[in-house]
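Notebook, interface entry. I opened the model to look up how its chains meet.

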Amino acid sequence: MLRYLLGRLLSLSLSLAAASLVIFLVIEVIPGDPASYMLGLNATEETVAALRADLGLDGTRTERYFDWVGGMLTGDFGTSYTYRVPVAELVADRLWVSLPLAAIALLLSTALAFPLGTLAAATRGRVTDYGIMGATQLGIAVPNFWFAMLLVLVFAITLQWFSAGGFPGWSDPLAALKALTLPAVALALPQASILARVMRSALLDTLGQDYIRTARAKGLSRRQAVLRHALRNALIPALTIIGLQFSFLLAGAIIIENVFFLPGLGRLIFQGITQRDLIVVESVTMLLVFAVILVTFLVDIAYAAVDPRLRTR
Amino acid sequence: MPRAFLIGAVPTALFLLAALLSLAWTPHDVEALQISARLLPPGGDYLLGTDQFGRDLLSMLMVGARTSIAVALVAVGIGMGLGVPLGLAAAATRGSLLDEIIMRGNDLIFAFPSLVIAILITAVFGPSAVNAILAIGIFNIPVFARVARGGALSLWTLDYVRAARVAGKGSVRISAEHILPNIANLLIVQATIQFSLGILAEAALSYVGLGAQPPTPSWGRMLAEAQTMIYTAPRLALLPGLAIVAMVLGLNLMGDGLRDMLDPRLRRVRA
């Protein structure tokens with residue numbers, strides 16, 4: 001197990017290093033100098049040069065890369081060009097919107113998908129199964145931002161149960177949760193559809209196994225056999241998908257935050273792009289990639305802990 | 001033929017035809033703004049009504065289909081054109097350094113939240129349909145590489161491949177003449193799936209303003225423009241969305257049907 005863990009850690013660090021290099025190089029390609037952009041057309045060359053030095057833009061490419069990576073390792077994500085505050089501070093503020101949003105969406109999608117997938121598998125080939133599978137087929141095809149607009153149309157404009165956008169802050173937790181409800185539902189729907197399908201096919205696979213027949217022969221009812229034996233084994237593929245979905249949720253949140261005008265990480269990236277606040281774009285993208293790679297890593301470790309067969313891969 | 005394939009083929013064929021037809025003819029000019037004809041209800045001269053600028057909705061949906069299909073199709077082409085040879089090379093040299101490099105490179109691309117990078121790419125190189133294609137296409141490469149490698153690996157152990165080897169054929173020739181035709185089924189099914197994902201991705205990118213630029217209509221941008229009008233004219237937000245759903249649903253059903261038709265053993269490939 002230790003050897004497996006070390007191997008995975010090495011590959012985690014390599015992925016992170018490669019990812020940081022890719023992001024840095026992509027950002028380097030952006031035409032335009034942030035310093036002259038910020039100072040406008042009338043700035044003298046000296047002031048631009050001074051600001052460049054101030055922003056740490058004057059070193060060579062290699063120097064700047066190592067400055068950036070070294071800074072991130074010590075929790076220094078640079079200073080935003082436009083807000084003039086540390087990026088870490090900006091990110092921390094926005095995380096309080098994006099993380100709860102992704103977490104609620106993940107919870108919702110799991111809470112929906114597990115029972116639905118199980119029910120579909122249990123009623124395989126019957127009307128319930130067809131109904132659930134048809135609904136998930138539709139759920140996969142619906143773009144989440146369009147679903148979000150429909151939710152706004154029905155629940156914010158027509159019924160007026162929720163506000164159409166904005167975020168009141170966490171000082172009033174109930175109002176904050178209310179503001180995140182529609183966005184989380186919009187995010188969760190496609191994910192729940194995928195997860196329910198995976199859950200169904202994983203369950204159907206395990207239901208055909210010998211140990212289920214043994215359990216039934218032992219005298220367990222069908223329901224007991226599903227709940228006690230099949231479900232546990234079907235959780236492994238379902239967990240992989242949940243891990244993968246984290247990445248989709250993060251990306252989806254970027255779009256959904258724009259639909260609902262939520263001040264999250266996604267909006268931060270967009271503002272960074274339009275305002276040429278490159279250090280914000282760079283660091284937030286790196287953080288998102290880091291989160292995804294870390295989740296994949298944790299899922300791998302969790303498996304190896306659960307299923308020793310996977311350690312020798 | 002499986003029922004799913006036939007049901008899915010209907011909307012897909014409809015949109016393909018509409019897209020093709022829009023090359024030669026649309027009911028109205030999609031670029032002409034006509035304030036006197038703004039927000040007309042469906043019927044009469046405008047079958048589906050007009051938007052807030054007086055543009056014909058049906059014509060915009062037709063050209064939008066063209067944009068979506070073109071972007072997604074070329075993105076699939078990029079993914080297949082680069083991914084399949086990479087996957088075949090990795091399988092042919094299984095366990096070698098080349099295989100390792102290709103697969104780790106794949107893992108790296110998979111690690112990026114695709115939409116984040118697509119947004120980054122289009123933001124860096126400027127929003128346009130071409131950059132949207134590139135952004136979506138890059139993420140298709142590892143998908144096809146993985147499918148091709150997975151399918152090819154099992155074939156390399158088969159007797160007829162060994163026989164070809166003994167007959168003196170090199171890895172490249174074996175990959176092209178024996179492996180590729182036998183994984184074509186897998187690739188076609190994957191291509192339909194990536195096609196439908198491409199339609200969704202294009203819609204999302206153009207919705208946030210990073211896809212095809214005005215005045216070229218695209219489904220995603222039609223939705224973005226309709227958002228402020230959702231109270232006065234919900235129809236403007238409903239129709240493009242329905243078009244996306246119908247197209248994606250059709251492609252997914254076709255993919256499922258194709259999979260069942262081409263190889264029942266593959267039922268579990270899609271996750």
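I started with the area buried between chain B and chain A: about 3,400 Å², with carbon and sulfur atoms giving 84%. Buried area here is the accessible area (1.4 Å probe) that two parts lose on being put together, summed over both. On the chain B side, B:Leu120, B:Val124 and B:Ile230 lose the most area to chain A, together 16% of what that side buries.

I noted that this is a predicted model, where local features need pLDDT of at least 70, side-chain atom pairs count only at pLDDT 80 or more, and totals for chains, interfaces and linings use all residues. Side-chain values use heavy atoms, without hydrogens and water.

Next I looked up the residues in contact (heavy atoms within 4.5 Å). Chain B gives 36 residues and chain A gives 39 residues.

Then I checked for salt bridges (a side-chain nitrogen of Lys or Arg within 4 Å of a carboxyl oxygen of Asp or Glu). I found one between chain B and chain A. A:Arg197 and B:Asp256 form it through their side chains, at 3.9 Å, N to O.

Which elements give two or more residues to the side of chain B that touches chain A? They are α3 (97-111), α4 (114-125), α7 (171-207), α8 (219-227) and α9 (234-262) of chain B. Helices are DSSP runs (H or I, at least four residues), numbered from the N terminus. The largest share of that side, 12 residues, comes from α9(B).

Last, I looked up confidence in chain A. Its mean pLDDT (the predictor's confidence in each residue, from 0 to 100) is 84, and 96% of its residues reach 70 or more.

Technical notes:
Residues are numbered from 1 along each chain as its sequence is written. Chains are lettered from A and ligands numbered from 1 in the order in which they are written.
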